[in-house]
Every structure is written in C-alpha cells, then in structure tokens.
Amino acid sequence: MQRRRTGALHRGATSQQRALRRRTIPPFTDKRAIKSFIRTNEKIRAREIRVIDENGEQLGIMAPFDALKIARERSLDLVEISPNAAPPVCRIQDYGKYLYEKDKSDRAARKKQKVIVIKEVKFSVTVDEHDYQTKKNQAVRFLGEGDKVKASLRFRGRQMAHRDLGYKIVNRLIMDIGAAGIVEFMPRMEGTTLHAIIAPTKKPEPAPVKKTAEAAIEESPAAEA
C-alpha cells in the first residue's frame with residue numbers, strides 16, 4: 001500500500017519538481033567532455049576571429065569560414081585558443097598534436113608539484129634522553145624532506161597537573177631543530193594533548209650564474225668564426 005502511494009505521489013509531481021530532482025543528481029565528469037569545450041573547425045560560432053597560423057604569424061581578422069578554408073588547404077585544424085578575447089583568437093594547427101602537448105605539459109606540471117605531508121612525532125612527559133634524541137632526529141629528517149612536523153605530547157591521568165613539563169619538552173624540540181624549521185603553530189593544548197606544528201625552512205633559490213666578459217666573447221658567433 002505504501003509503495004502504491006509513493007508511486008502516485010511521484011506521478012503527481014509537477015514538471016518543476018521533477019526537474020529539481022534531476023538537478024540534485026551530481027553530474028558525471030568525463031575528461032573527453034572537458035576537452036570538447038575547446039571549439040575547433042565548424043564548432044567556432046563567432047562572427048569574426050583573429051587568426052594565427054602554425055608559424056605564429058598573424059593573418060588578421062576574418063570570418064571563421066575563410067580561416068577554416070586556409071586551415072583545410074594546409075591539412076590542419078582551426079582551434080579556438082582564446083574564446084574570451086574580442087574578437088576570439090584562433091590558431092591554425094594540428095589539433096591532435098595540440099592535445100598531446102597539452103597533456104604532456106600538464107603531467108610535467110603535476111610532477112613538479114610538491115605534496116606537503118604533516119608527519120607526527122609523539123612524545124611523553126616521561127620521555128628519556130635517548131628516545132628524545134631519536135625523535136628529534138626524525139623531525140629534522142622529515143623537515144629536510146620538505147614535510148611538516150606535528151610534535152604532540154599527550155598527558156595521561158595525573159600528568160595534567162604537570163603541563164609545564166610537557167611545554168618544556170616541546171619548546172626544547174623547537175630550539176634543538178633551530179634553522180631546520182619554522183614554527184607555524186606555537187605549543188598549545190587541545191584536550192589532553194599538547195602539540196605544535198613546524199614547517200620546513202624554505203631553501204633559497206640559487207642565484208643566476210654571471211658570465212664573465214671572456215666567457216661571453218668565447219660563446220659569441222664572432223669568436224667561433
């Protein structure tokens with residue numbers, strides 16, 4: 001009986017309600033659909049476009065039909081590379097090669113991205129010297145690898161009455177790490193845990209090598225001749 005009533009309510013829903021239900025369904029993302037947003041050839045709808053040929057030379061402003069005719073004569077495609085410009089900018093090129101080079105550059109950019117990970121180093125109020133030195137060395141190594149370090153110290157039971165001891169341990173760690181890291185969050189309590197976050201120190205970029213006058217003369221075409 002309940003199923004029949006639900007079905008009747010669904011059939012009695014207005015078109016506006018049914019459209020609202022359809023909009024709540026998350027869209028399926030397809031990489032090929034994303035690429036299809038790049039207009040090419042007959043899909044270019046602008047009245048006029050600015051055309052650049054395969055050698056980077058500007059051919060001027062013309063109708064898409066005339067630009068596509070030039071592209072077909074050169075066995076190439078007409079690709080819209082700047083749709084928001086006035087007028088839109090299109091390039092005569094091999095569309096398949098364009099997609100290949102774009103994917104290649106995107107992959108190279110993703111490889112260069114450094115994913116920063118927060119690695120936790122745990123201490124206790126009763127940590128001995130050997131254990132402290134081991135975990136301090138771990139923290140320095142993590143920072144050297146470009147990761148952040150979360151130094152945490154948990155108080156158990158009656159240890160909460162001696163929180164000053166925990167602060168001394170975490171502050172000592174910060175001092176011992178020194179120039180290897182920068183404190184992002186100073187030691188603070190969250191519940192029964194004291195923690196601080198230390199970020200790696202940014203390495204200075206190498207300065208460009210200045211060529212001497214003798215080296216510049218040796219590399220010049222006149223010197224080779």
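Author: In the hairpin of S1 and S2, five residues lie between the strands, and glycine 56 takes a positive phi near 85 degrees. Strands here are DSSP runs of E with at least two residues, and helices are runs of H or I with at least four, numbered from the N terminus. S1 covers residues 49–52 and S2 residues 58–62; the two run antiparallel and are joined by four bridges, where pairing takes at least two bridges found by DSSP. Isoleucine 52 stands opposite glutamine 58 in S2.

A word on the model: it is predicted, with local features needing pLDDT of at least 70 and side-chain atom pairs counting only at pLDDT 80 or more, while totals for chains, interfaces and linings use all residues. Residues are numbered from 1 along each chain as its sequence is written, and side-chain values use heavy atoms, leaving out hydrogens and water.

Ile49 and Val51 belong to a core of 11 residues that also includes Leu78 and Cys90. Such a nonpolar core is a set of buried Ala, Val, Leu, Ile, Met, Phe, Trp, Tyr and Cys residues joined through side-chain atoms within 4.5 Å, buried meaning under 20% relative accessible area with a 1.4 Å probe, protein chains only. The largest nonpolar core is a separate one; it has 20 residues, and Phe123 and Leu153 have the most contacts inside it.

As for confidence, pLDDT (the predictor's confidence in each residue, from 0 to 100) averages 80 over the protein, and 73% of the residues score at least 70.

Key:
Buried means under 20% relative accessible area, exposed over 50%, partly exposed in between (1.4 Å probe, protein chains only).
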